[in-house]
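Subject: Structure for you to look at

Hello,

Here is the structure I promised to pass on. Please open it alongside this note.

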Amino acid sequence: MPLPEQKNGLRLREKRIRAGLLMIAFSSILVLTLIIIFVFKEGVPIIFSTGLSVFLFGTKWAPTKGSFGIFPMIVGTLQVTFGALLIGVPISIMVSIYLSEFAKPLTRKIMKPLIELLAAIPSVVFGFIGVIVIVPFVREHLGGTGFSVLSASLMLGIMILPTVISITFDSLQAVPQSYREGALALGATPWQSTIRVILPAARSGIVTAVILGMGRAMGETMAVIMVAGNAVVIPTSPLHPCRTLTSNIALEMAYAAGDHQKALFATGVVLFVMIFLLNIVATAIVKRK
Amino acid sequence: MIIDTLQPTPNTDHPLLKTEHLSFTYRFRLGGKVEPALTDISLEIFPGTVYAIIGPSRSGKSTFLRLINRLQEISNPGDMEGKIFLENKDIYSDDYDPNVLRREVGFTFDKPQALDMSIYDNIVFGPRLAGISGKEKLDELVEESLNAAFLWDEVKDRLTMNATRLSGGQKQRLSIARSLALKPKLLLLDEPCSALDPISTANIERTLLAIKSRTTCVLVTNNTKQASRVADFTAFFLMSKLIESGPTTKLFMNPSDQRTDDFISGKFG
Amino acid sequence: MPPESRNRNLFWNNLFINMSMLTTLAVAGLLLAIILYLVYHGAEKISLDFFLANPQDLGRSGGIFPILISTILLGIVSLAIAVPLGIGTAIFLTEYTKEGWTTTLIRFGAECLAGIPSIIFGLFGFGLFVVTLGMGWSIISGGLTLACMVLPTIIRTSEEAIKSVPKVLRDLGFSLGATKSQVVWQIVLPQARNGIFTGVILALGRVLGETACVIFTTGISMEMPTSLFDSARSMSVHFYLLAREGISMEMAYSTSVALVGMVLIINLGANFLIAKKA
């Protein structure tokens with residue numbers, strides 16, 4: 001067949017395309033580097049000028065007067081996050097077990113998209129529901145103002161459900177059928193087979209799900225602002241208000257300037273490092289098993 | 001009987017395809033000794049014929065085919081020795097553009113596969129890439145190719161239908177038509193009928209016999225009876241080596257090597 | 001096994017299974033309750049006027065038209081940037097390299113990005129686009145920042161979609177004389193269309209619901225944007241301000257209904273289209 005002999009031009013074009021795609025592919029690295037540069041550039045100097053231990057463990061946060069201690073916020077973040085996990089993870093596991101092991105196919109088909117829909121709801125809407133429903137409930141039945149660690153944990157717990165459920169569900173589904181049959185053949189009831197055999201087998205996937213849920217909870221900002229009370233205190237009870245690292249940044253960024261603004265970037269640095277470390281620790285736990 | 005009608009008379013003295021001491025070994029990253037896929041294959045294929053390659057699985061037949069249209073190096077690179085000549089040109093030389101080669105040498109896979117587009121678009125896919133344009137020209141090409149593959153009558157009224165909706169046998173004929181649209185000199189077929197029912201198989205065999213004068217066919221097949229039905233020449237591969245090759249009638253009735261005889265008579269397979 | 005302990009085992013078995021079922025129903029019920037609650041309180045104000053009129057009185061009455069437009073613009077800008085970059089990255093990772101340190105590095109970058117909270121993207125966008133590059137609070141600043149945020153999502157889903165294209169199709173393309181880029185563009189990508197589209201929809205959903213990041217990069221102006229360099233307010237930001245500042249609970253409900261409605265329609269629509277194509 002007679003063909004145009006564009007051989008060299010074609011080869012050059014293909015090389016150019018590959019080079020172009022390579023550059024595009026490095027965009028994610030580029031963005032990550034830029035983020036680290038910009039956030040750290042603004043925030044790190046003030047951490048050290050204040051003093052690392054003063055910044056991290058100091059309890060006085062009066063940025064307009066030059067006091068930058070973010071310990072209350074660190075505590076707030078940790079409490080709210082682990083509260084969310086405490087509430088969200090057991091529920092997610094129960095739901096995942098039911099959907100994966102015991103539900104009828106029709107139920108599964110309806111529930112899965114439903115839960116995915118829950119994931120699509122913007123976080124501010126959850127915050128709104130938190131203010132309208134959860135906060136008054138806590139106030140009337142448990143005391144305090146309602147704006148509390150507990151309210152935030154409840155709300156975040158619900159928000160992380162879709163994430164944790166879907167990954168846990170996938171992990172359970174990935175366990176080979178032979179495991180179930182083997183357990184049942186040894187006389188275990190379906191529930192025992194699930195708890196004693198299937199769940200452990202899906203362990204690494206479940207830990208991944210929890211890690212992701214934890215990341216989501218730690219990073220949530222606006223919804224937490226709406227229900228957590230935002231007082232800069234170290235909460236000694238779940239009914240006390242608290243302020244998280246994320247809320248701290250969002251609340252004050254609008255009017256902060258100079259050192260104050262830098263301190264907020266520094267808060268971002270601490271958050272960044274915390275999430276990074278927690279991820280590494282959790283991944284290491286998964287790898288070891 | 002079909003075998004009697006096959007009179008192997010090569011058109012010229014010049015082979016269309018020639019391999020010289022062709023060897024190939026896959027490159028594995030796991031280390032350890034790797035057996036070669038092909039060892040010292042030298043054969044000649046003449047234009048206007050159907051050339052069958054038979055042999056048990058893992059003998060290197062598919063690898064051999066994929067080296068001829070340089071498909072092997074894309075996904076499963078390895079170490080190759082020896083040469084392959086198409087019309088006396090070394091297809092692995094730096095001057096020979098692999099894309100050009102793949103238009104001269106068509107390929108049909110074992111699994112019937114259609115591109116997710118209309119039948120018409122399937123056929124003109126290759127020609128369009130080669131720069132052929134113009135509605136009349138393409139229409140003519142489509143009819144010609146589908147006719148050659150004995151598929152025209154069945155689909156001529158529904159050329160815009162998505163080709164994935166065709167049956168397996170129709171898809172395979174479509175694959176052949178798709179390759180034929182580029183008017184290749186050589187058509188390679190890698191066990192084209194392995195997934196087809198007997199009627200579709202007969203259709204494909206009919207096609208090969210009809211096109212061979214214009215497009216030489218190299219057919220890898222696990223089915224020795226098929227080779228005897230359609231091939232002018234046959235080669236027997238066993239564990240990476242070429243054991244014997246020659247006119248099909250001779251190979252089947254009076255093979256020189258005992259192993260050939262054993263394989264054809266079904267003593268192993 | 002003695003009958004009594006067998007019965008006891010079955011008792012616990014059934015109890016726990018029922019508990020898990022109830023939990024599941026509760027979660028489903030929760031979702032429906034949220035949606036119904038919002039609709040009940042917010043539906044009355046929803047009308048064509050709501051969408052097409054301008055906000056009055058700081059948002060206490062009127063509609064959300066400019067906000068709607070701003071939201072749509074943000075979505076378009078961020079996707080226009082993130083989708084080509086994301087798909088390009090995915091193509092490179094699957095088609096143009098083998099697994100090695102390059103791919104590990106790129107994937108690591110994408111994974112890290114995926115884990116960064118949106119407020120930090122807000123800080124980043126503010127620092128880089130608003131201040132250093134001088135773009136100010138604008139749709140383009142917000143769009144760029146949001147693009148960075150959803151990039152990992154698009155990379156991940158596109159990669160999965162491209163990987164699921166059968167290998168034979170690529171071989172087929174090559175055997176017809178196509179070059180690598182032709183095989184990718186004319187065969188692989190069309191085949192991966194559905195999966196890629198899902199990823200884009202997911203990203204769009206995130207963009208629409210994002211608040212923290214947007215406030216610090218796009219601002220809170222309620223005016224109709226006349227260019228991409230104007231400050232603007234997205235629906236989720238508007239909703240947040242209404243609710244938090246206590247400006248108008250009614251409008252807050254209505255805005256939330258509109259917001260959730262938009263997100264749900266987009267998600268359901270995408271799922272429906274994909275199911276139809278399959």
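Below is what I found, starting with confidence and then going chain by chain.

**Confidence**

This is a predicted model. For the complex, the predictor gives an ipTM of 0.86 and a pTM of 0.84. Chain A has a mean pLDDT of 86, with 96% of its residues at 70 or more. Within chain A, helix H4 (residues 71-102) has the highest confidence, at 92. Strand E2 (residues 67-68) of chain A has the lowest, at a mean of 81. Look out for residues 1-6 of chain A, where the pLDDT is below 50. That stretch has 8 contacts in the model beyond near neighbours in sequence. Chain C also averages a pLDDT of 86. In chain C, 96% of the residues score at least 70.

**Chain C: overall form**

Chain C has 12 helices and 2 strands. From the N terminus, the order of elements is α-α-β-β-α-α-α-α-α-α-α-α-α-α. The radius of gyration of chain C is 24 Å, whereas the globule rule gives 19 Å for 278 residues, so chain C is more spread out than a compact globule. Along the principal axes, its C-alpha atoms fill a box of roughly 70 × 65 × 35 Å. Of the 278 residues of chain C, 51% count as buried. Take the contacts in chain C between residues at least 6 apart in sequence: 74% of them join residues at least 24 apart.

The contact between them takes 7 residues from domain 1 of chain C and 7 residues from domain 2 of chain C. On the domain 1 side, the classes are 4 nonpolar, 2 polar and 1 charged.

**Chain C against chain A**

Here 66 residues of chain C are in contact with 64 residues of chain A. Which element gives the most to the chain C side? Helix H1 (residues 3-42) of chain C does, with 16 residues. By class, the side of chain C that touches chain A has 44 nonpolar, 20 polar and 2 charged residues.

**Chain C against chain B**

This contact takes 18 residues from chain B and 14 residues from chain C. On the chain B side, helix H4 (98-104) and helix H5 (119-129) each supply at least two residues. By class, the side of chain B that touches chain C has 9 nonpolar, 4 polar and 5 charged residues.

Helix H7 (residues 167-175) of chain C is worth a look. Its buried residues include C:Arg170, C:Leu172, C:Gly173, C:Phe174 and C:Ser175. What covers the buried residues of H7(C)? The cover includes helix H3 (72-75), H4 and strand E6 (105-108) of chain B. Helix H8 (180-191) of chain C is also part of that cover. Just after H7(C), C:Gly177 takes a positive phi of about 90°.

**Chain B: strands**

Strand E1 (residues 17-26) of chain B pairs with two strands listed here. With strand E2 (residues 38-45) of chain B, E1(B) runs antiparallel through 5 bridges. In that pair, B:Lys18 has B:Glu44 as its bridge partner. With strand E4 (residues 78-86) of chain B, E1(B) also runs antiparallel, through 8 bridges. There B:Phe24 stands opposite B:Met80 of E4(B).

B:Arg70 is in the loop between helix H2 (61-68) and H3 of chain B. Is B:Arg70 buried or exposed? B:Arg70 counts as buried because 20 C-beta neighbours lie inside 10 Å, and 20 is the cut-off.

B:Lys183 lies in the loop between helix H8 (168-180) and strand E7 (186-190) of chain B. B:Lys183 has 19 C-beta neighbours inside 10 Å, so B:Lys183 counts as partly exposed.

Best wishes

Notes:
Residues numbered from 1 in each chain as written. Chains lettered and ligands numbered in written order. Predicted model: local features only at pLDDT ≥ 70, side-chain atom pairs only at ≥ 80, totals over all residues. Pairing = 2+ DSSP bridges. Helix = DSSP H or I, 4+ residues; strand = E, 2+ residues; numbered from the N terminus. Contact = placed C-beta atoms within 7 Å. Nonpolar A, V, L, I, M, F, W, Y, C, P; charged D, E, K, R; others polar. pLDDT = per-residue confidence, 0-100. Rg over C-alpha atoms; globule rule 2.2 N^0.38 Å. Buried ≥ 20, exposed ≤ 12 C-beta atoms within 10 Å, placed from the backbone.
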